[in-house]
Amino acid sequence: MVWGVRPQSPAARGTGAGQQEGASVLVDTFGRTATDLRVSLTDRCNLRCSYCMPPEGLDWLPKPELLTDDEVVRLVTLGVRDLGVTEVRYTGGEPLLRRGLADIVRRTAELSPRPQISLTTNGIGLDRLAAPLAAAGLDRVNVSLDTLDRATFRRLAHRDRLGDVLKGLAAAQAAGLAPVKVNAVLMRGVNDHEAVPLLRFCLDHGYRLRFIEQMPLDAQHGWTRSGMVTADEILDRLSAAFALAPDAAHDRGSAPAESFTVDGGPATVGVIGSVTRPFCGACDRVRLTADGQVRNCLFATEESNLRDALRGGADDAELADRWRKAVLRKRAGHGIDDPSFLQPARPMSAIGG
């Protein structure tokens, strides 16, 4: 299925926010321009969330295969300076495990034009790092929180770290990393009864909650559509306790979340229906894995290797050309409903969110 995407002429294609007419940008054959760069800094994680990896963990990438701090900054610089990237999000695995994170953020914030800089994290260690990261130039964070129950957290993540996540959220808010966004995945028979408590918690603390449909990105390949709590189900459960209405004040644009006002606003809740309500037609994202591969989609089965070209002496012009050619091949949609769909070989922890 092609999710409502139609090829456009070059003249009709966007040039990316803040870019001059005719600037070199990352555009595909369907007219979508990639301005949002997701950069994975590590495939390692200190949790073992069941929708991502098995309890025993995975074989991590060998350190020599990972991009160095300087290599990360060089490619991010190329994207921002020459290819129209306006937002950089650092992800993992768990990016707080990257020792050079604060310096990478600082060097990213020094770029011109300065991109928006965000971080997706499980929150463990954020109580110590929120203030230094804010001082380095980080603008905001997304923190994963799937449950408020300690026993359920242990069951989901195979670690007893709920208190650390809650402390990380509070520290991020105190450091001014606003809006602090909370990402929650509901799993049938595990935490799907917590939709309303999670929203109440976020409303009480001033966090912005987004529910995300569970996606087929687990290393165990155990995902099933019947086991997934859908966007419609989430909205039905929330509507039993809150008055929800489409958030007319904000144009969704390329944002993955559908936004709804809660009890008349101004508070909102988001629902990301990656599977049942795909938003591929407006996608503006491109991903760079921790080992330097360009991926056009979480569900892509192809990658383009920038690391080896970079280490082989390629100059910025050649790297930019390789990157543009990689994005040009972006498919129309993720194709989960296609009978030929194959789950990517890499799990979420090795791709970056």
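**Close-up views of a predicted model**

**View 1. Tyr90 and its contacts in the predicted model.** The model shown here is predicted.

**View 2. The largest nonpolar core.** This core holds 89 residues. Which of them touch the most other members? They are Val39, Val76, Tyr90, Leu209, Phe211 and Trp323. In soluble globular proteins, nonpolar side chains tend to be buried together.

**View 3. The second largest pocket.** Its volume is about 350 Å³. The lining comprises 14 residues, and Lys63, Leu66, Leu97, Arg98 and Arg99 are the closest to the pocket centre. By type, the lining residues are 6 nonpolar, 3 polar and 5 charged.

View 4. The structure holds 0 disulfides. Cys280 is in none, and its nearest cysteine sulfur belongs to Cys297, 6.2 Å away. A disulfide needs sulfur atoms within 2.5 Å. Is Cys280 buried or exposed? Cys280 counts as buried because its relative accessible area is 11%, and buried means under 20%. Cys202 is buried too, at 1% relative accessibility.

**View 5. Residues 1-22 and model confidence.** Over residues 1-22, pLDDT stays under 50. The model has 39 contacts beyond four places in sequence for this stretch. Where pLDDT is low, the predicted coordinates should not be read in detail. For the protein chain, pLDDT averages 86, and 82% of the residues score at least 70.

Technical notes. Residues are numbered from 1 along each chain as its sequence is written. This is a predicted model: local features need pLDDT of at least 70, side-chain atom pairs count only at pLDDT 80 or more; totals for chains, interfaces and linings use all residues. Side-chain values use heavy atoms; hydrogens and water are left out. A nonpolar core is a set of buried Ala, Val, Leu, Ile, Met, Phe, Trp, Tyr and Cys residues joined through side-chain atoms within 4.5 Å. Buried means under 20% relative accessible area, exposed over 50%, partly exposed in between (1.4 Å probe, protein chains only). On a 1 Å grid over the protein atoms alone, a cavity is a set of points where a 1.4 Å probe fits but cannot get out, and a pocket is an open set with protein on both sides within 12 Å along at least five of seven lines; lining residues have an atom within 4 Å of a point. Grid points are joined across faces, edges and corners, and a volume is the space filled by probe spheres set on the points. Ala, Val, Leu, Ile, Met, Phe, Trp, Tyr, Cys and Pro count as nonpolar, Asp, Glu, Lys and Arg as charged, and the others, Gly among them, as polar. pLDDT is the predictor's confidence in each residue, from 0 to 100. Contact means heavy atoms within 4.5 Å.
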